[in-house]
Amino acid sequence: RYPDGGCFLLRQALVKKLKVSEDQLIFGNGSDEIIVLAVKAFVGKGDEVIIAKPSLLIYEIASRLAGAKIHEVPLKGFRYDLAAMKAKLSAKTKIVFIGNPDNPAGTYININEAQDFMKAVSPDTLVFFDEAYFEYVDAKDYPDTLKLMKQYPNLMTTRTFSKMYGLAGLRVGYGVASPTLIDILNRLREPFNVNSMAQAAAVAALEDKVYFQKIAKEVARQRQYIYQGLKALKLHHEISHTNFILIKVANASAI
């Protein structure tokens, strides 16, 4: 049989978990697909997109394919330079991509920074929070974007089952936004984009809270273990809020 095009069981599980309405959810072949759908829906030739540099490659790839002018704003101290991003905003800006936590830096923007940035953005510009690693974050000032979007309907959040839940090979992610935004993206989404195994595995992963908590604690413990080793080796590294750590190493040819 073809998979359930509406991801009914997974949708119901996330409605209960996230306290959002059914029409606020869209599902993708990984959260990457939802990023691509957003660009297809809102970005055309001559439009502008703002991303950090470096950041997840799909932001740039999808935007270039759409013919957009891309403003790459370098990270500052391995964190998003939101002030510089604000300076790049214009009437032509269609999407601002924010990885939170960021890949590859592993850093995050806090709630005050997120609120301040949203205030500066036009309601006609989509601010896209890619939260692929949010399950690893235990910082108390990490922004709750699902609450923020009640105030800012131009905000969208995507998450994935590829990281903490370990389902990268099955390809399943989801996006949360206003019903209006979700409706637009669903018009572009292919009807059977999330396979049946992925849907079933995602539902099972959400139900297995004990295992999830165990993995979260183990990842946090292993990060501290690696930090100690890096300190002993005198290798500079960034404090990570993901399942990876950015490390500055010597040139391989010089070792």
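Which strands does helix 2 (residues 31–42) lie across? Select helix 2 to find out: strand 1, strand 4, strand 5 (126–130), strand 6 and strand 7 are the ones it lies across, where contact means heavy atoms within 4.5 Å. Helix 2 runs at about 170 degrees to strand 5; angles run from 0 to 180 degrees between N-to-C directions of axes fitted to C-alpha atoms, for helices over the stretch in contact.

Before moving on, a word on the model. It is predicted, with local features needing pLDDT of at least 70 and side-chain atom pairs pLDDT 80 or more, while totals for chains, interfaces and linings use all residues. Residues are numbered from 1 along each chain as its sequence is written, and side-chain values use heavy atoms, leaving out hydrogens and water.

An open, mixed sheet is formed by 7 strands in the order 1-7-6-5-4-2-3. At its edges, strand 1 (25–28) and strand 3 (69–74) each pair on one side only; pairing takes at least two DSSP bridges. Helices (H or I, at least four residues) and strands (E, at least two) are DSSP runs, numbered from the N terminus.

Now pick V49: its bridge partner in strand 4 is I95.

Finish at helix 8 (residues 196–207). A198, Q199, A202, V203, A205 and L206 are buried there, meaning under 20% relative accessible area with a 1.4 Å probe, protein chains only, whereas exposed means over 50%.
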